[in-house]
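Reader: I am new to this structure and would like to learn how to read it feature by feature. Could you take me through it slowly?

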Amino acid sequence: MTHELTASRLASASSNATASTGAGDAAGDAWWRDAVIYQVYVRSFADSDGDGVGDLRGVREHLPHLARLGVDAVWLTPFYVSPQADGGYDVADYRAVDPLFGDLSDADALVTAAHALGLRVIVDVVPNHTSAEHPWFRAALRDPAARARYHFRPGRGASGELPPNDWESVFGGPAWTRLPDGDWYLHLFAPEQPDLNWDHPEVAEEFASVLRFWLDLGIDGFRVDVAHGMVKAPGLPDIGHGAQATLIGTEPLPFFDQDAVHEIHRSWRRLLDSYGGGRIGVAEAWAPTSERLALYVRPDELHQAFNFRFLNCPWDPARMRTVIDESLAATASVGAPTTWVLSNHDVVRHRTRYGSLDRARAAALLMLALPGSAYVYQGEELGLPEVTDLPDAARRDPAFLRTAGQDGLRDGCRVPLPWAGTEPPYGFGPGGAWLPQPAGWGDLSVAAQTGDPHSTLELYRAALELRRAMPGLGAPEAGPLTWLPAPEGVLLFTRPGFACTLNTRPAPVELPAPGRPVLSSAPVETDGRTVRLPTDSCTWWAM
Ligand code: NOJ
């Protein structure tokens, strides 16, 4: 018998699942341990006013999509006042909304509307650097006596013409820029993003106040940008061999993953806990090993840390299994769940990284079957590919400009979402879209995929509904993940009452059915005793 399992059949079959409003599992302070959190890249999500740039009202109007998808929370990328030198990760006023995105009343209304739908709201905080337009940096430019909140140094060389050390910017070129008066300042990212000096007491005080500002507005947590970079090694020592900072790196560096950074996260945890209600901190942290990364989620530090080793893992089952095992062991050693992620606004979309939609769909089911929390980047639920042919003139990634187009291709994953219709801007808003959308994206729109049982959107909806309905899925507390023997190229693991298979072989493979199939990224054939798994497919089984 051919058992073609479709998302719609599953959805109607699992009528005892909790309503997919996001409200079910979101109760309780530990909600985040197995939460699915949706990343909204605000400028590319939905535009309400026709200027071609997404905004907070656009997010609010489209919250029902997220509630129906079945996620627990939303993470909003920076919407604060900013010259937008790095997509808003250059903040000039941490307590105000940039007019591009709306105003504070829009933020307030968005949080209220999300909560009414059972969705929590996490906002970005950018504490490693400010914008060069921040009042502190403007004061520092005017007055050398006002420079202690940043890292200013004299240069090296006979007349100070060389940078103070050999550090390079993540976006290319030296990590130092010289002012006309001769002093240099540090910027691990663009020159418009000067690094703060966290040894200065006013920096810590200011950020505690900023956190309180947004917590008082009702937000449920923070995604902490560059959480591993806020403290630099004393004396700002040379690296010595020309090593360059990268967004995703594994080498110990004097400006990343310094032990002293944990003291800051401890103080933030105390602040979050003082609010109660399950407010969380999420580390965007790069550490040389899974063990070092786990230090960020010790019980008195942040709650989650993105597992970028999983994101970086190629389509290779042996390596995937190793990363999964090492990640689970590392976070278990500190009593934390693992936080899985496949895509975000800084990396090539995983459909394109893995080379096909089949693999992207399979990877999503694999991720959502793992114990712990998971992040979904906007558009991955539509199976969007990376846009690889953007005209140079349209690109905004600062790294693209700083490396003569050799790097910084982060615009291709930031193309505005298709919601409906057959022509750009595909319902993104009443005007155009700030990055050109490809022809043919109408077929990938939310409207086009809704109700199509074979669509990626319905696959994600069904997966998230099942995650709520089956206790063996997601919740780390439900029990261990156990690997079972499987043919080469196939992964097979069980959790209580549940099994997951992944076939990465170039041909279908037959094996004993581990149970009853409840969801599959591609049609599986089973007679109840054996199953034929298609190439590049992932299947969930009830046992
Ligand atoms: C990480 C953010 O995700 C990225 O978009 C940004 O460019 C850097 N941090 C600098 O803030």
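Predicted model: local features only at pLDDT ≥ 70, side-chain atom pairs only at ≥ 80, totals over all residues.

Reader: How many bridges join β7 to strand β8?

Author: Three bridges join β7 to β8 (residues 184-186), and the two strands run antiparallel.

Reader: Is strand β18 largely enclosed by the rest of the structure or left open, and which strand does β18 pair with?

Author: Strand β18 (residues 516-520) has four buried residues out of five, so the strand is largely enclosed by the rest of the structure. Its pairing with strand β21 (residues 537-542) is antiparallel and runs over four bridges, and within this pair R516 stands opposite A542 of β21.

Reader: What does T501 touch, and is T501 buried or exposed?

Author: T501 belongs to strand β16 (residues 498-503). Its relative accessibility is 0%, and because buried means under 20%, T501 counts as buried. Leaving aside residues up to four places away in sequence, T501 touches L491, L492, P514, L533, S537, C538, T539 and W541. With W541 there is also a polar contact, made between the two side chains at 3.0 Å.

Reader: Now to the helices: how should I describe two that pack together?

Author: Two packed helices are described by the angle between their axes and by the distance between those axes. In this structure, helix α12 (residues 357-369) and helix α15 (residues 456-469) have axes that come within 10 Å and cross at roughly 10°. Angles under 35 degrees count as roughly parallel, and α12 and α15 are therefore roughly parallel to each other. On the α12 side the contact is made by L357, R361, A364, L365, M367 and L368, and on the α15 side by T456, L459, Y460, A463, L464 and R467. Sorted by class, this contact of α12 with α15 has nine nonpolar residues, one polar residue and two charged residues.

Reader: At what angle do the axes of α4 and α6 cross?

Author: The axes of helix α4 (residues 104-116) and helix α6 (residues 201-217) come within 10 Å and cross at roughly 55°, and these two helices are therefore oblique to each other. Here L104, A107, D108 and V111 of α4 meet F213, W214 and L217 of α6. The residues of this contact of α4 with α6 divide into six nonpolar, no polar and one charged.

Reader: What is the phi of D257, and where does D257 lie?

Author: D257, which is not a glycine, has a positive phi near 55°, and lies in the loop between β9 (221-224) and α7 (261-275). With a relative accessible area of 8%, D257 is buried.

Notes:
Residues numbered from 1 in each chain as written. Heavy atoms only, no water. Buried < 20%, exposed > 50% of the residue type's maximum accessible area, 1.4 Å probe, protein only. Polar contact = N/O pair within 3.5 Å; in protein donor to acceptor, adjacent residues only side chain to side chain. Contact = heavy atoms within 4.5 Å. Pairing = 2+ DSSP bridges. Axes fitted to C-alpha atoms, helices over the stretch in contact; angles between N-to-C directions. Parallel < 35°, antiparallel > 145°, perpendicular 65-115°, else oblique. Nonpolar A, V, L, I, M, F, W, Y, C, P; charged D, E, K, R; others polar.
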